[in-house]
Amino acid sequence: MALPAVINVHVEEPLKAKDYRSDITPTWCPGCGDFGVVSSLAKAYADQKYDPSAVTTVSGIGCSSRLPLWMNSFGIHSCHGRAVPVAIGAHLARPEMPVVVTIGDGDCFAIGGGHIMHPARRNMNMTVIVMDNGTFALTKNQTSPLSRTGLPGTLASDLGNLDEPMNPIEMMITYGATYVAQTYSANAKHMGKVINEALAHQGFSYVNILSPCPTYNKVDTFAYFRPRIHDINEAGEHTDLSNRAAAMMKASELYQHHHSEDAPVPVGVYYQAQKPVYYEKVKQVQEFYGMKETIDWDNIFDRYKP
Amino acid sequence: MAIDLTIKVAGEGGEGVISSGDFIMQAATRSGMEVMTFKSFPAEIKGGYALSQVRISDEKILSQGDGFDILVAFNGEAYEVNKPLLKPGTVMVWDGPHGGDFEAEEHEGVQMFAVPMSDIAKNTLKNYIAKNMVAMGAVIELFGLPEDSLKSSIHDKFIKKGQAIVDFNYQAIELGRQWIRDNYPDRDVKYTFPASTAQKDVIILEGNQAISVGAVIGGAKFYGAYPITPATSVGNHLVDIMHQTGGVVYQTEDEISALATVIGASFTGKKAITATAGPGISLMQELIGLAVMSEVPIVVADVQRGGPSTGMPTKHDQSDLFACALGGHGDAPRVVLAAANVQDCVDLTVDALNLAEKYQTPVMLLSDASLSIQTEAIPRPNVADYEIVDRDFAKPQPDPSIFNRYQITDSGVSPMGAPGIPGTNYAATGLEHAEDSGPRTNPETRNAMTEKRWRKFDGIEDAYKPIEREGEDGDDLGIICWGMTQSVTREAVARLRAQGHKVSALYPKMLWPMPQKQIEAFAKSVKKVVVPEANYQGQFADLIKMRTNVVPIKFNAYRGEPLIPREIEAMALELLKEEAPKARMAIH
C-alpha cells in the first residue's frame, strides 16, 4: 500500500458530530469545561465536512490535551509543550490536510511558550485552540502563565500566584496571527461559530476558550463567568476586525474583570485579516529550485562535479 | 600507492587557508587524481588557527594519513604549531623572507622555500586577500600541479563576480610562480604532482553534503532543523536539492521543535530527517522517546563534536554514542549507524531512512566534525542501484474504530495508517496504549507492547548487511572500530599486514542494536580484541561489554583530533608484544 498522492479532504455526504468522536470515554472530571470543547470541535469538523481520515488533531500533555484521543480523526497526543511544532511538521509535509492543535494554557504558554509565535508570524494555515482553565490540573493545581494574580497553586506560597496573567489575545495579535478570538466553553453557539471561522480561515488562527476546571480553579468558575460573559462583536464595541490597533486596544481590556466587579468577561473575534500563507511561499521556493514531477538526478549530481 | 602526497596549508582563519585547500583538491581531481581533505578551524568566524590538508594519490585513499609532505605556512602561528612535524624529507613553503610575521629557522633535511606572499599581495597587488593565490602560484610552480586545472577551478569559483576578478586571481598566481622562477632557478624539489590523466566520473562531496545527497536519494521529503555546528551545513546543502525534489526544508526555533516537526511530518506518511550535534541530541531525547512509543519512523543525523556542554564545537569526538543508543528515559529501543567516510555518509543515510521505515523506529546516524568537512571524490551515484524501503502502510479500513494501528504481530511491526488512506485514522500517543492506540496501563498490555517494541529488532543483525572483516581466523589481534576511526584503522591494518603482522579488523556500520553474533564470532577468532575510539570512556567498548561476552581492551583519544594511522599502528605493535592484555590505553 502506498501513500495516496492526493487525498480527499472533504466527505461528499455530511457526517454527524458524533461521527467525529472515538468510542473512548473521556477521562475528564464531571463538569469539566473541556466536554463542551470536544463537542463543539466535533460539530465544527462536521460543519466543515472534513473527512475523518484526512484531518489531524494535535495536542501536547495535560487534561485538555487528551482531546485528540476522544476524536475520530488522525491524532497526535505528543509531548508536553510540543504540539505546535509537531503540527507544523504535519502541515508542511501534507499541506492539503487540515491541522488543528488542541492544547491547554500551560502547554501553550509555559513549557511550549517558545513555539507558538513561529507559526503565527509565518501565518501558517492551521488552527490553535487553547482550553484556558488557568491551572495545571493534571498535576493537581499549579498556576499557569494565564492564571490570575493570587490564585492558589501547590507550588505557590499561601499568598497565591504572584504573577500578572499573560494576555494571550494581545500576544497572538503581536505575534502575527491573522485570526484571534476568545470564546467560552459553556456557550456552544458562540464557540461553534468561532471554531468554524477559525477552521475556515486561510492562515494562522488562534482561539482562546475559557474552559473552567471545576476541580482545581475555584475562582474562574462557570458561576463566575455566566453573568459576566459579554460578546464584544454583538454589542457593537468591536467591529472593525482588520484594524490591528483597535484589536490591541480592545484586547487590553481582557482582564478588566479581575480588577472591577462590574467589568464583563469579553468573548468575540478580536482580529481577522487576510495575508499570504506560508506554504504558498514554500511552493515558490520549490518552483525557484526547479521542482519537477520526475527528479532530475543528473541535474542534482552535476553540481558536485569537480 | 605509486603516488601519495599530502599538502597542508595552515594559517589564520579567514585568510584563505580553507579555500586554498579546496582549490588544490579540485584541481587535483580535475587532473584525474584521487583526493581526500582534512580541515580544522576554530569556532570563531575570523581569526584563530586554521588548516586544510589535501592528500593526493593515484589510488583510492583510505584516510587523511599521518601528516604532511608539504607545509604551506601562512603565518608564524602556523609555523610554530607545525614546527615539531617538520621532519627530514618534508618541504615547507613559508611567508618570507620579508613581509610576513615570522622568521623561519633552518630545519635539518627540510627543504625550505620562502615566498613573500603577504608582501606581494599587499604591495604589488595592493590587496591582501590575494595572499593565498600568490601562495598557490608558488605551489604549482614548485610541485607541478597542472596550471590549467587550477585556473579552471578559480575561473568557476569567481566568474560570477566578473572576469576582472578572475584575471586578478590569475595575476596573483602568476606572481607566485614568477617569484619561484626568479629566486629558485636551480631548485630540485622533492615532490612533484603526477601528470594529468583523464578526469574520472566522480563527484566531490563533504561529509555533510553527502548526508544531504543520501537524504534525497533515500526519499526524504522533509528536513526540519535548528542551526548547530558542525551539523548546520547538512541543511544548507538540502535547501536546493530537497525543494527541487518536492520536499521542504524548514528552520525551526530550537532542536526540540526540529525533531517535533520531523515526527509530525513522518506521521503523515512522508520520510523526514533532521541533523544536529550533541547539544541538540540532548534536547531531542524526550521526542526520540515519543517516536519510539508512537512508532513513527524518523532519522536524526548526529554530527558529533567535542562535549559535554558547548565543549569544542568544531572539533572531532566520538562521544555521543551513549546518548544516541541509550539516551532518554524508559525502555526505548532505536537503531544507531555510524559513517566512516564520505561514501558512508551517502549510503548510510539511505540505510537510515530505510531502517526507520522498515522498523517504524528512530534511527540515529553518527558522523563527526572532521568527517562533516572532509571532502572526497566518490563515484557518481547511480540512484537505481539503491534499494529504497517504504513503510508498511495500512490498507483502507471499513471502520477506523476497529483499526488496530498497534496490532501485535510476530515481527513487532504493524501496518501504519496515514492521512488519505480511508479508515486508517488513529491517535498516536506517547502514553502506553493498546492495539487500537487507546491509552492503557494494565500489566498485560504493558508487557505485550513493550515486548512488541523490542521484538522488532530481534532479527536486525541478520537483516542488515554483514559486517566487513579484514584478516584471518587465528590472528594475534583484532581491532573493532566505528565511525571515522575505521578509515584510519584500514590504513594502519594494511601496513601492519604488509609487515607480516597478524592483525584483523571488524568494521561495523550498525552499532546498535549490538551486532552481538558477529562481534562474538570475531572476538573468538582472534587472540585479543581492542576498540580504538575518540572518546574518554570507551563507549563502544562498554556497549560491547554490556551486550556480548567480549571484554575488549580500550584505546582512547579525546584530544579533539582524529586518530591517525601511525597511532593505530603503534597501538597494535604494543598489544602484539604484550603477553597479558591491558585493560585500557590512552593517547594524548
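Reader: Is the crossing of H5(A) past H8(A) left-handed or right-handed?

Author: In this predicted model, H5(A) covers residues 168–175 and H8(A) covers residues 244–251. Helices here are DSSP runs (H or I, at least four residues), numbered from the N terminus. A crossing is called left-handed if the near helix is turned anticlockwise from the far one by less than a right angle, and right-handed if clockwise. By that rule, H5(A) passes H8(A) in a crossing that is left-handed.

Reader: At roughly what angle do the axes of H5(A) and H8(A) cross?

Author: Axes are lines fitted to C-alpha atoms, for helices over the stretch in contact, with angles from 0 to 180 degrees between N-to-C directions. The two axes come within 8 Å and cross at roughly 160°. So H5(A) is roughly antiparallel to H8(A), a label for angles over 145.

Reader: Which residues of H8(A) meet H5(A)?

Author: Contact means heavy atoms within 4.5 Å. From H5(A) come Ile169(A), Glu170(A), Ile173(A) and Thr174(A), and they meet Arg244(A), Ala247(A), Met248(A) and Ala251(A).

Reader: Which residues touch the most other members of the largest nonpolar core?

Author: A nonpolar core is a set of buried Ala, Val, Leu, Ile, Met, Phe, Trp, Tyr and Cys residues joined through side-chain atoms within 4.5 Å, buried being under 20% relative accessible area (1.4 Å probe, protein chains only). The largest one has 134 residues, and the top spots go to Met172(A) and Phe540(B).

Reader: Which residues of H18(B) are buried?

Author: H18(B) spans residues 539–547. Its cover includes helix H17 (516–525) and strand S20 (529–533) of chain B. The buried ones are Gln539(B), Phe540(B), Ala541(B), Leu543(B) and Ile544(B).

How values were computed:
Residues numbered from 1 in each chain as written. Chains lettered and ligands numbered in written order. Predicted model: local features only at pLDDT ≥ 70, side-chain atom pairs only at ≥ 80, totals over all residues. Heavy atoms only, no water. Helix = DSSP H or I, 4+ residues; strand = E, 2+ residues; numbered from the N terminus. Parallel < 35°, antiparallel > 145°, perpendicular 65-115°, else oblique. Buried < 20%, exposed > 50% of the residue type's maximum accessible area, 1.4 Å probe, protein only.
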